[in-house]
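Here's a quick walk through this model, one question at a time. Have a look at it first, and then we'll dig in.

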Amino acid sequence: MTPAPQPPPRTASTAPLGRLLAAEVRWVLLRPRTLVMLGLFALIPVVIAIGVVVADGSGGRGLIGATAGNGLVLPVAAMTLALTLLLPLAVAMAAADAIAGETAHGTLRGLLLAPVGRLRLVGMKASGVFVVAVLATGLIAVVGVLAGLVVVGGADGQLVTLSGTTIGLGDALGRVALVAAWTVGQLAAVGAVALAISALTEHPLIVLASVLGGLIVFGVLGAIPALDFLQPYLLTSGWTAGADALRDPLPLGGMGESTLRALGYAVVGGGLTVALMLRRDA
Amino acid sequence: MNPHPDDTAVAVAGSDGAQPALAPPTDPAGSPAARVRGARKVFGRTVAVDLIDLDVPAGSVLGMLGPNGSGKTTLIRMLLGLTRPTAGTAELLGHPVPDAAAAALPFVGALVEGPGFHPFLSGRENLRRAATAEPLLTGREIPAAVETALERVGLTDAAGRRYRGYSLGMKQRLGLAAALLVPRRLVVLDEPTNGLDPAGTRDVRRIIAELHTGGATVLVSSHLLAEVEATCTHVAVLQSGSLVAAGELSRLLEADTSGLVITTPDVDAALRTLRGAGATAFLDGDGAVVVADGGPPAPEIIALLVRAGVAMYEARRRRPRLEELFARLTEDTP
Amino acid sequence: MGAALAGAVGLGLLAVPAGAGAAPELPPVTAEELISSVMTADPGPFNGTVKLDNQLGLPALPQLPQAANGTSTATVWSDGDRKGRVSLPTGQTERTLVADGTTVWSWNSADRTVTKSPESEGPHRRPAADPTAAATEVVKHLRATSTVDVDGTAEVAGRSAYELVLAPAPTERTLLREVRVAVDAEKRVPLQLTVLATGSSDPALRLGFTDLTFGAQDPSLFTFTPPPGATVQERPAHAEDAKPGAAKPTVVGDGWDTVVIAKAPTGERAPELAALGKPVSGPWGNGREFTTAVGTAIVTDDGRIAVGAVPEQVLTEALTK
């Protein structure tokens, strides 16, 4: 073993951001539970599609019922359904692993010592969570379109909107993409808040429990008529707006308002995450 | 890794490292590699570190000694900018921490509070992830740096296995590898031999010696005294959050009580002869005769005994073991 | 931390209802002028969102969930003439009504049915020969039992409006306090209807635009093609009127305390009323009484139903007659 050479005259005090982001995404995607989770998300539309075909049109109200013989509703129905619980939990899990999990493994310290600046670290972690949100939503959308066209079929390759009009495949795909983008926006808000909780604790499960608890509390608050005045503040109160994409003409009000609300949550969550991370002992 | 069962032999041979053989090379900035002034850290009502002033001279191997809970790790975390001192200042390679830690940290390798890696990744993948965050490595250099570090700690063969399946020693080695990914100016090792087998301990010593030879500063914390005695040029002794002694190891030991140790089959004759000549002589616990300094010089004592016909196996300078020094320092302090 | 605060403030701003501005300044008009201008108004094509805020206090009937307290919205499009489209979204379903000039299409996404009926040739925007005279007549008729006034101005759906207020004369025995109609100052179309009951400062019913835009509309909005997979039912015009044996309801009284007495609906589609309401009896027999914020109804055991925006006593008097 030769003695360590003298340090080369380099002055870089931080690694390139692109490399850090790529490493974060690689880390997220190498994690077995991420892959299992994404696999389950890909299954959601398939399971709904099979259920709709087996029920043969007698299956229920709402978007699932609207899917029968109208396959292009499936991706929107699946995303709307998953947004109520599964997608937020997936994002919360990613956020829990991102900071609290890294702390629990002692790896956050390693990153801070490299050093990765604390602000950059938040950016890195946020993009990892965002990638999970995008992949999970994208998988549901893509598998939903395929399963809708192949398994459910119907409507002559077109989409019958809730308003009773018929729109072409291209337009329908555009609407699926719109719902996917909107869903990712909502998930970004959940992710930002989950990251803030993650920056507050060393126990990943606390993050999951908080997000689950938050969803339940918001659901309950939103269902109490006497607390109607809270509706504009509850992130979940706009989560039915995805179905608007199936109306014609397309009303953007609901999705626009919930996106603004999500932006508010994202800014609050992001700001808190940064503030907490700048102070956090590692 | 080369299995070497004879730990004791290694420890004795390694005691040469305690000699101030190399003059510490001066840091380009002329400042110590790390420095704290008036450092104090309070967690709630617990004072973890209390008003410590300490320099880690550039080029030294400083062993930080202290019982568990004496504040070693907290002090190291303050130096690395991982935690903000409640009061006082800390400097790393001349840069104030934590505020300007980013300027110094690329040149600092650290293994603090045990190795931290992801269980689902292989050792190599874990190291790659760590290397990605190293500012001094370009993307192209990463694979080679990872392999070199793996080889240096003897983990090349196990690098493809998941960290989950690593033994305590392998985990420790991987942590060491992460600290050595880049040529460093300062390497901070918190309990590096924790969980290592004798061969692993020997490797850690070898690595510390290599770093030292290469001009890097090493800060090792340990509660294993033999470990520090074998590898360090300097020591700092912590007790209940306070620094009770710090300095060059050889000076500290020399300042301690010394004398001449004479091994003889004829203890009574030796004691009688020496006391007759006005020297302070007594019997130590091992049955050897100890002649305290302050009386006749050593050559005269030996000549005296030879003339008196006292048989001798050996006569040597008594050098107190670090263990004694440490025990005294930590017991004296309330 | 600053960003978090900014986000919280943004969230708060988002929640503040828009359009709560001060009452606009408008030139004064009389009630007659206002009603006359409404009768001749030709707003042209428009689209908008209509919100119904129902606090009438009706019982929640399983057959008619919309009747219960709550808010619902609809989006409307009009070509300014005979063609129009109304979209009534409810959760994840939607009802759509399209009048394409000759046919009225009704679509229900829940069961994917289309009901097709020819458009009635009813009085559709028949311009009065002399709007001013007609308006004067209307106001005169109203003033027999009410006070009619233009009471200030308001902002509705971001537009300036006059507030036309009808209040019952003191002699009227009614549960209603007043009815306010906000009329667009420029286009002279009603923008909002508010019904206020006695004893409450909150409206019992408010129906109005929350959003309104005038201008040409896409002609494709006023056509409807039944989508693939839909069930199409044809319904002849005026099906209800043609039903044999449907007795004409009796009207007792006039003005605000009018009581309508009719045969209670029977058959499968009739709401299950037996379990609801409060048992009452009187010289007219026995029955069940339903009270809401704005009206009272009595369903008698002999199959009559009396309804009016009146207290119970007026109903019993009417039933006894």
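Q: How many of the residues of chain A count as buried, as a percentage?
A: Keep in mind that this is a predicted model. A residue counts as buried here if 20 or more other C-beta atoms lie within 10 Å of its own. Chain A has 282 residues, and the share of them that passes is 54%.

Q: And what share of the residues of chain C counts as buried?
A: The cut-off is again 20 or more other C-beta atoms within 10 Å. Chain C has 321 residues, and the buried share is 26%.

Q: How many helices and strands does chain A have, and in what order do the elements run?
A: Chain A has ten helices and two strands. Start at the N terminus and read along, and the elements come out as α-α-α-α-α-α-α-β-β-α-α-α.

Q: What size of box do the C-alpha atoms of chain A fill?
A: The box is taken along the principal axes. For the C-alpha atoms of chain A, that gives roughly 75 × 50 × 30 Å.

Q: In chain A, what percentage of the contacts with a separation of 6 or more comes from residues 24 or more positions apart?
A: Two residues are in contact if their C-beta atoms lie within 7 Å. Take the contacts in chain A with a separation of 6 or more, then pick out those between residues 24 or more positions apart: they account for 79%.

Q: What about chain C: which percentage of its contacts between residues at least 6 apart joins residues at least 24 apart?
A: Chain C is built from five helices and 18 strands. Among its contacts between residues at least 6 apart in sequence, the share that joins residues at least 24 apart is 54%.

Q: Which element gives the largest share of the side of chain A that touches chain B?
A: Altogether, 32 residues of chain A are in contact with 38 residues of chain B. On the chain A side, α1 (17-30) and α6 (107-113) each supply at least two residues. The largest share is six residues, and it comes from α6(A).

Q: By class, how many nonpolar, polar and charged residues are on the side of chain A that touches chain B?
A: This is the side with 32 residues of chain A in contact with chain B. Split by class, it has 19 nonpolar, eight polar and five charged residues.

Q: Which element gives the most to the side of chain C that touches chain A?
A: This contact takes 27 residues from chain C and 31 residues from chain A. Elements of chain C giving two or more residues are α1 (2-15), β3 (84-90) and β4 (93-99). The one that gives the most, with ten residues, is α1(C).

Q: How do the residues of the side of chain C that touches chain A divide into nonpolar, polar and charged? What are the counts?
A: The side in question holds 27 residues of chain C. They divide into 15 nonpolar, eleven polar and one charged.

Q: Which residue takes a positive phi in the hairpin of β3(C) and β4(C)?
A: β3(C) and β4(C) pair in the antiparallel sense over seven bridges, and one of the bridges joins P89(C) to E94(C). Two residues lie between the strands of this hairpin, and the residue with a positive phi, near 55°, is G91(C).

Q: And which residue in the turn between β2(C) and β3(C) has a positive phi?
A: β2 (residues 70-78) of chain C pairs with β3(C) in the antiparallel sense over four bridges. S78(C) has G84(C) as its bridge partner. The hairpin has five residues between the strands, and the one in the turn with a positive phi of about 90° is G80(C).

Q: Which are the edge strands of the open sheet of six strands in chain B?
A: The order in this sheet of chain B is β6-β7-β8-β3-β9-β10, with mixed pairing. An edge strand here pairs on one side only, and that picks out β6 (108-111) and β10 (242-248) of chain B.

Q: Which residue is the bridge partner of M64(B)?
A: Strands β3 (residues 61-65) and β9 (residues 234-239) of chain B pair in the parallel sense over four bridges. In β9(B), the partner of M64(B) is A236(B).

Q: Which residue in β14(B) is the bridge partner of G259(B)?
A: β11 (residues 259-263) of chain B pairs antiparallel with β13 (residues 289-292) of chain B over four bridges, where G259(B) stands opposite A292(B). β11(B) also pairs antiparallel with β14 (residues 314-318) of chain B, over five bridges. In β14(B), the partner of G259(B) is R318(B).

Technical notes
Residues are numbered from 1 along each chain as its sequence is written. Chains are lettered from A and ligands numbered from 1 in the order in which they are written. This is a predicted model: local features need pLDDT of at least 70, side-chain atom pairs count only at pLDDT 80 or more; totals for chains, interfaces and linings use all residues. Ala, Val, Leu, Ile, Met, Phe, Trp, Tyr, Cys and Pro count as nonpolar, Asp, Glu, Lys and Arg as charged, and the others, Gly among them, as polar. A residue is buried if 20 or more other C-beta atoms lie within 10 Å of its own, exposed if 12 or fewer, and partly exposed in between; C-beta atoms are placed from the backbone. Two strands pair if DSSP finds at least two bridges between them.
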